[in-house]
Amino acid sequence: MAADKESSVEKDDGRDAGRDRPGDLKDPWYDELAAGWGELDGTGTPTPTDPATAPRRHGSAADIYLEVQASAAFQEVRRRYRRFVIPAVIAFFTWYVAYVVTATTAPGLMARPVAGAVNVAMVAGLGQFLTTFLLTWAYARHARLRRDRPALDLRWAVFEQNRERELRQGASGDR
C-alpha cells in the first residue's frame with residue numbers, strides 16, 4: 001500500500017516553482033529573460049531565440065533588464081568585479097607563464113635541491129596549487145564583502161519591477 005502512493009517530492013519536481021501566478025514570491029531567482037528563449041509558448045510554437053527579432057513590448061522584462069544594466073548601481077557592481085578580476089588574472093597568468101617558461105628554459109635552476117629530494121620545481125609547482133586556493137578564497141571574500149549585497153539589491157529591484165509589470169498586465173487583462 002505504501003509503495004502505491006507517491007511522495008510529495010515525486011509529485012512536484014520543482015520545475016514550475018515561481019511560475020504559478022504573476023507576482024508570486026516563491027522564486028525570486030527565476031530568470032524570466034534567460035529561461036524563456038527557445039521554449040514552447042504553450043501553443044506548441046517555439047518562442048523567438050534571437051532577442052533582436054523578438055517582439056518588443058513596452059515594459060517587458062527585456063526593457064527592465066536593459067534599464068538595470070544601464071543603471072549606476074549595476075555599473076558599480078561591474079566596476080568592482082573588474083577591479084578585482086583583471087589584476088588577479090594578470091598576476092596569476094604571469095606567475096603561471098613564469099613557472100612554465102622557467103621549467104623549460106632553466107632546467108638546472110628547477111632541479112636545484114631545496115630540502116632533501118624536494119627541488120625548486122616541486123616547490124614552485126606546489127606554489128601554483130597554493131596560489132589557486134588563495135586566489136579562490138580572495139575572490140569569494142571580495143565578492144562577499146564588495147559585490148554580493150549590491151548585486152542582491154539589484155536582483156530584488158528587478159524582481160519587484162517584474163512583479164509590478166505582471167500585476168499591471170493582470171489588472172489590464174481583467175477589464
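1. Helices, in the sense used here, are DSSP runs of H or I with at least four residues, numbered from the N terminus. On that basis arginine 163 and glutamate 160 both belong to helix H6, where they stand 3 residues apart, about one turn of the helix. The model is a predicted one, and the points that follow should be read with that in mind.

2. Arginine 163 and glutamate 160 are joined by a salt bridge, in which the closest N and O atoms are 3.8 Å apart; this pair is counted because the cut-off for a side-chain nitrogen of Lys or Arg and a carboxyl oxygen of Asp or Glu is within 4 Å. Both partners are partly exposed, arginine 163 having a relative accessibility of 27% and glutamate 160 a relative accessible area of 30%.

3. Helix H6, which covers residues 120–174, also holds aspartate 153 and arginine 149, a pair set 4 residues apart, about one turn of the helix. Their side chains meet in a salt bridge with an N to O distance of 3.6 Å. Aspartate 153, at 42% relative accessibility, counts as partly exposed, whereas arginine 149, at 54%, counts as exposed, because the boundary for exposed residues is set at over 50% relative accessible area.

4. A further pair lies in helix H4, where arginine 79 and glutamate 76 are 3 residues apart and therefore separated by about one helical turn. The salt bridge between their side chains has an N to O distance of 2.4 Å. Arginine 79 is partly exposed, with a relative accessible area of 33%, and glutamate 76 is likewise partly exposed, at 27% relative accessibility.

5. For the model, the count comes to 4 salt bridges by the rule applied here.

6. Turning from charged to nonpolar side chains, which residues form a nonpolar patch on the surface? The patch is formed by Val89, Phe93, Tyr96, Val97, Val100 and Val101, which together have about 510 Å² of accessible area. Valine 100 has its place in helix H4, residues 72–105, and it counts as partly exposed at 33% relative accessibility.

Methods: Residues are numbered from 1 along each chain as its sequence is written. This is a predicted model: local features need pLDDT of at least 70, side-chain atom pairs count only at pLDDT 80 or more; totals for chains, interfaces and linings use all residues. Side-chain values use heavy atoms; hydrogens and water are left out. Patches are made of residues with over 30% relative accessible area and no salt bridge: like charges are joined within 9 Å, nonpolar side chains (Val, Leu, Ile, Met, Phe, Trp, Tyr) within 5 Å. Accessible areas come from the Shrake-Rupley method with a 1.4 Å probe; for residues, only the protein chains shown count as cover. Helices (H or I, at least four residues) and strands (E, at least two) are DSSP runs, numbered from the N terminus. Buried means under 20% relative accessible area, exposed over 50%, partly exposed in between (1.4 Å probe, protein chains only).
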